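User: I would like to go through some of the terms used for this structure and see what stands behind each one. Please set each value against its cut-off.

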Amino acid sequence: MVGNSSSNTAGKPIRCKAAIVRKPGEPLVIEEVIVAPPKQRKVRIKIICTSLCHSDLSFWKLTDPPAIYPRILGLEAVGIVESVGEGVHEVVEGDTVIPIFLADCGECTDCLSEKSNLCTKFPFSLSPWMEREETSRFTDINGETLYHFLSVSSFSEYTVVDIAHLTKIDPTIPPNRACLLSCGVSTGVGAAWKTAKVEAGTTVAIFGLGAIGLAVAEGARLCGAKRIIGVDVNQDKCEIGKKFGVTDFVNPGNCGDKTVSQIIMEMTGGGADYCFECVGMKSLVHEAYASCRKGWGKVVVLGVDHPQSMLTFNSFEVLHSGKSIMGSFFGGLKPKSDIRILEKRYMDKEIRLDEFVTHEVDFKDINKAFELMTEGKSLRCVIWMNK
Ligand code: NAD
Ligand code: ZN
């Protein structure tokens, strides 16, 4: 039985185009695929546009498990509900929605708590299957299974997403802006606002000025931070950072025989109040830890390193420093409630999204988006499915 849907395609498989990673690091191939109808608590959506996040790039290159191929990547997007499966009452055909890689079931202890955004009913997983049913909704034209990615797989004209991973949004927000709320900008803004709870008048240091790091700067600015120090190996990020409120810039390549943390210690007279790691390198987490103030400094880890990467801290140093280190997934935001707040703040012209979109390409040129990010030339490249 099909849920509350009346479209011509409801209940039937849809044949459409998707960009497939067949082998790690090889250009994505646009192929015809079959997208099966949504089952229990699932929604099939027509993607309007999607944008490239560094997490796509990392998984595209991954050769060891949890890598699995052939796979449809993509996690930052906006779409329109095409049809809904049984038991879906929250959205109807035609609604504008954004998929989010973190679930919000609204029922478990964690979803009901204000303190967490890590759902227990549907915990974050790198599983290549759909939630609840452990199957794929994608096959290629030869009938071969194509794997899902982070419960979203938006590099396809149609995808199937669990209702726990969907948030309805205001359809008047331009799609090439709305998609940034699906991951990058929300994550960075949320990390300053919800995870670190940056206080007015404080100093923030951000390691890595990609879209995530610059969105942390945006969040820190909104929280009233006085000084925002950006650290990046790409010198171009010095000028770019200024547009996002970064007040000071440190290029690790220009520090002479000093470490970045020594420079930040000197600049701040004892360390930054908050340090954010937005690259995904354990060495930078250590550098961030060394750069924050003893007693109350907080390190927030946002970057995604290799799954086997280990952090090592001296126990005496931890004991004596009184610093905190915390992870931040999706900026600590609750997808179903906090996105609405960010959406309103964008409409009220408080939060910037436009400035994060540096490039836009057609779906057929999706590999260009990978090139631009690899070369450090883009913040967010929006990929239009059918312009
Ligand atoms: P990006 O590629 O746009 O930006 C990364 C930046 O880091 C670039 O400006 C690069 O020049 C800089 N950099 C690289 N090596 C550096 C070094 N050694 N020192 C200082 N700067 C360095 O990537 P992005 O999309 O902004 O993503 C950043 C990280 O956040 C990635 O690891 C991504 O997987 C992760 N991420 C996390 C979440 C989450 O929920 N925590 C969500 C999305 C993305
Ligand atoms: Zn939950």
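Analyst: The model is a predicted one. A place to begin is strand E13 (residues 274-277), where Tyr-274 and Phe-276 lie on one side and Cys-275 and Glu-277 on the other.

User: What makes both faces of strand E13 count as covered?

Analyst: Tyr-274 and Phe-276 on one side are buried, and so are Cys-275 and Glu-277 on the other. Buried means under 20% relative accessible area. Both faces of E13 are therefore covered.

User: Which strands does E13 pair with, and how do you know that they pair?

Analyst: Two strands pair if there are at least two bridges between them. Strand E10 (residues 203-207) is joined to E13 by 4 bridges, and 4 bridges also join E13 to strand E14 (residues 298-301). Both counts meet the cut-off, so E13 pairs with E10 and with E14. E10 and E13 run parallel, as do E13 and E14. Val-204 stands opposite Tyr-274 in E13, and Glu-277 stands opposite Val-301 in E14.

User: Why are E1 and E7 called edge strands?

Analyst: The open sheet has 4 strands in the order E1-E2-E6-E7, with antiparallel pairing. Strand E1 (14-20) and strand E7 (145-146) each pair on one side only. Strand E6 (residues 138-140) is joined to E7 by 2 bridges, and at least two are needed, so E6 and E7 count as paired. Phe-138 stands opposite Leu-146 in E7.

User: Why are helices H4 and H10 called roughly perpendicular?

Analyst: Helix H4 (residues 184-195) and helix H10 (residues 335-347) pack at an angle of about 100°, their axes being 12 Å apart. Angles of 65 to 115 degrees count as roughly perpendicular, so H4 and H10 are described that way. On the H4 side the contact involves Ser-186, Val-189, Trp-193 and Lys-194, and on the H10 side Asp-338, Ile-339, Ile-341 and Leu-342. These residues divide into 5 nonpolar, 1 polar and 2 charged.

User: How do you know that Cys-53 is in no disulfide?

Analyst: A disulfide needs two cysteine sulfur atoms within 2.5 Å. For Cys-53 the nearest cysteine sulfur is that of Cys-183, 4.1 Å away, so Cys-53 is in no disulfide. With a relative accessible area of 3%, Cys-53 is buried.

User: What about Cys-292?

Analyst: The nearest cysteine sulfur to that of Cys-292 belongs to Cys-275, 4.8 Å away, and Cys-292 is in no disulfide. Cys-292 is buried too, with a relative accessible area of 0%. The search of the whole structure finds 0 disulfides.

Definitions and conventions:
Residues numbered from 1 in each chain as written. Chains lettered and ligands numbered in written order. Predicted model: local features only at pLDDT ≥ 70, side-chain atom pairs only at ≥ 80, totals over all residues. Heavy atoms only, no water. Axes fitted to C-alpha atoms, helices over the stretch in contact; angles between N-to-C directions. Parallel < 35°, antiparallel > 145°, perpendicular 65-115°, else oblique. Contact = heavy atoms within 4.5 Å. Nonpolar A, V, L, I, M, F, W, Y, C, P; charged D, E, K, R; others polar. Buried < 20%, exposed > 50% of the residue type's maximum accessible area, 1.4 Å probe, protein only.
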